[in-house]
There are 2 protein chains.
Amino acid sequence: MQFQLFHEIQADLAKVEAELQKYVDTSLPTLTAASSHLLHAGGKRLRPAFVLLAGKFHNYALERLLPLAVALELIHMATLVHDDVVDESKTRRGIPTVRARWGNRISLHTGDHLFARSLLLISELNDPAMTAVLAKISVEMCEGEIQQMEATYDVHQTFRDYLYRIKRKTALLIAASCQLGAMAVKADPSAVRALKMYGHHLGMAFQITDDILDMTADEKELGKPIGSDLRQGIMTLPILEALRESPDLALRTLVAKKEKSQDEVYRAIELIKETGAVERSQIIARRYLDKAKEELTRLPAIPTRHTLAVIAEYIEKRTY
Amino acid sequence: MQFQLFHEIQADLAKVEAELQKYVDTSLPTLTAASSHLLHAGGKRLRPAFVLLAGKFHNYALERLLPLAVALELIHMATLVHDDVVDESKTRRGIPTVRARWGNRISLHTGDHLFARSLLLISELNDPAMTAVLAKISVEMCEGEIQQMEATYDVHQTFRDYLYRIKRKTALLIAASCQLGAMAVKADPSAVRALKMYGHHLGMAFQITDDILDMTADEKELGKPIGSDLRQGIMTLPILEALRESPDLALRTLVAKKEKSQDEVYRAIELIKETGAVERSQIIARRYLDKAKEELTRLPAIPTRHTLAVIAEYIEKRTY
């Protein structure tokens, strides 16, 4: 995410960063090393940013927004480190994963620890409704992961299966960041709802563009080889779109094949692109962004509302 | 745990069991299968029992105690399934582990899911102080796991390291079961505190007897081969006691050795037993049980207080 988008919360985002550093410091050297590695591996801090921006829609109170922003980034980090255990990636954002460096055990416990720390932060906000939001999406996020596992290499799954999955993988946490930021400052229920829905639609679009970039990005900029979804048998929107439109049995066989060579991955990407599936996926992402912007019309016309609209525009144009 | 100890809560424990069954049913076949497997693998339901028993110390309200009891058993199950990922055991309580049957990925997500479900249940009780207790111990429990990993095969660790670990591994969750059961029925703060401390001391004794049983139990009754701590390099109290008392370099070398044969494990157990370390460990467990019983004197003299004392006696005598 380009930094200038976050101009109005830039100073507070720096405070989030400092707090995050505190939260990964523990008395256990390996735990601290693994969490710090994860923290410094970068990341767009999108979830903290949405917490802070949503907090602008009522009495912006940093003392409540800061722990919340930290908590949401910690949860995001927890899901990343557990994903690494599962997908056996060697790098993320161009640097070695926690799992590649410290192994499965440390990754498992580091994820558990980050999640528990996050829960502790939220519980200290003393608002059971906020804790319940977090608990509810955590359950659903796990279900998404398991559905994804069950559906790998399944070329017969539907568009609906895909939407179920990306909602849980990405949209729920972004929606919750917007929703909880607004709840933390006691924004109007209608604003809380609009921000949550904005986050949902934006999150859906964000994941679709992610899935597109896994086929179209520059490998250096992406920080990992392209085609990783194809390799892992994860059926993304461009793949499903291509399979639906094309009677090409070669593509179907290639997609369903386990243990593809990198040449086979590149060949599959080519076949998919030839069907126009990437462009059709972009149109669907665009539709979600339009819906996100439509939600903004239900919010008071403060400058932050414009920022949120610009962020939606940016999602479509991002290249990594 | 012998069933007659739980006479006064027997009917409600059956309700906990029925609720647990509901909570492992999901729309995802693999998740349901893995969680059900874990649920039906047995277990003493010690944590739900303590929740219900602690609830007797004020206005016993099953509608609040039931979800809490379920939540604590779900957390316990979550830690078991994550432990299985980590310690690579093939069986637990005599039946295959989730990991042995479904692999690491399912184990990871099943554990995450159970923990999130548990959190959701607790958050629905609408009491931030209770959620905070749970969050706090979850953080510490993870730290215990990581400390255990860092300390494997380390023959120079101290008695204090051991206590740090077993508190996090076992005592915290039992203490929290007692504490939260009392909090759920709005018991007097002094009763909440005494029950928490009872649970703490009892939990410490429980883990020490567990560690003793890993050397002395009948393998059939235990449901797994004895000596698994030695095999995994986990320094339990009998091992540390033996190392402290005995100048025997053979024992030290054997304990520190990775990849021991089963014969070497049996030989180490023999050497440890010869030092009297088992009996000394039993004395330490006994001391914790005395402290647990002492806490009971601070509680009103209702019949449940006697039950809790009998449970403490039972811990010492258990053979599996």
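The questions and answers below concern a predicted model.

Me: By what turn can chain A be laid on chain B, and what kind of axis relates them?
Reply: Chain A can be laid on chain B with an RMSD of 0.0 Å, by a turn of 180° and a shift of 0.0 Å along the axis.

Me: Which residue of chain A comes closest to the rotation axis?
Reply: The distance is taken at the C-alpha, and the value for the residue that comes closest is 2.9 Å. Among the residues of chain A, that residue is Pro128(A).

Me: Is Ser177(A) buried or exposed?
Reply: Ser177(A) is found in helix α8 of chain A, which covers residues 159–184. Leaving aside neighbours within four places in sequence, Ser177(A) is in contact with Arg47(A), Phe50(A), Val51(A) and Leu72(A). Its relative accessibility is 0%, and since buried means under 20%, Ser177(A) counts as buried.

Me: Are α6(B) and α7(B) roughly parallel or roughly antiparallel?
Reply: Helix α6 (residues 104–123) of chain B and helix α7 (residues 128–150) of chain B pack with their axes 9 Å apart, at an angle of about 155°. Because angles over 145 degrees count as such, α6(B) and α7(B) are roughly antiparallel.

Me: How many nonpolar, polar and charged residues has the contact of α6(B) with α7(B)?
Reply: From α6(B), Phe115(B), Ser118(B), Leu119(B), Ile122(B) and Ser123(B) meet Met130(B), Thr131(B), Leu134(B) and Ser138(B) of α7(B). By class, this contact has 5 nonpolar, 4 polar and no charged residues.

Key. Residues are numbered from 1 along each chain as its sequence is written. Chains are lettered from A and ligands numbered from 1 in the order in which they are written. This is a predicted model: local features need pLDDT of at least 70, side-chain atom pairs count only at pLDDT 80 or more; totals for chains, interfaces and linings use all residues. Side-chain values use heavy atoms; hydrogens and water are left out. Helices (H or I, at least four residues) and strands (E, at least two) are DSSP runs, numbered from the N terminus. Buried means under 20% relative accessible area, exposed over 50%, partly exposed in between (1.4 Å probe, protein chains only). Contact means heavy atoms within 4.5 Å. Copies are superposed by least squares on the C-alpha atoms of residues with pLDDT of at least 70 in both. Axes are lines fitted to C-alpha atoms, for helices over the stretch in contact, and angles run from 0 to 180 degrees between N-to-C directions. Angles under 35 degrees count as roughly parallel, over 145 as roughly antiparallel, 65 to 115 as roughly perpendicular and the rest as oblique. Ala, Val, Leu, Ile, Met, Phe, Trp, Tyr, Cys and Pro count as nonpolar, Asp, Glu, Lys and Arg as charged, and the others, Gly among them, as polar.
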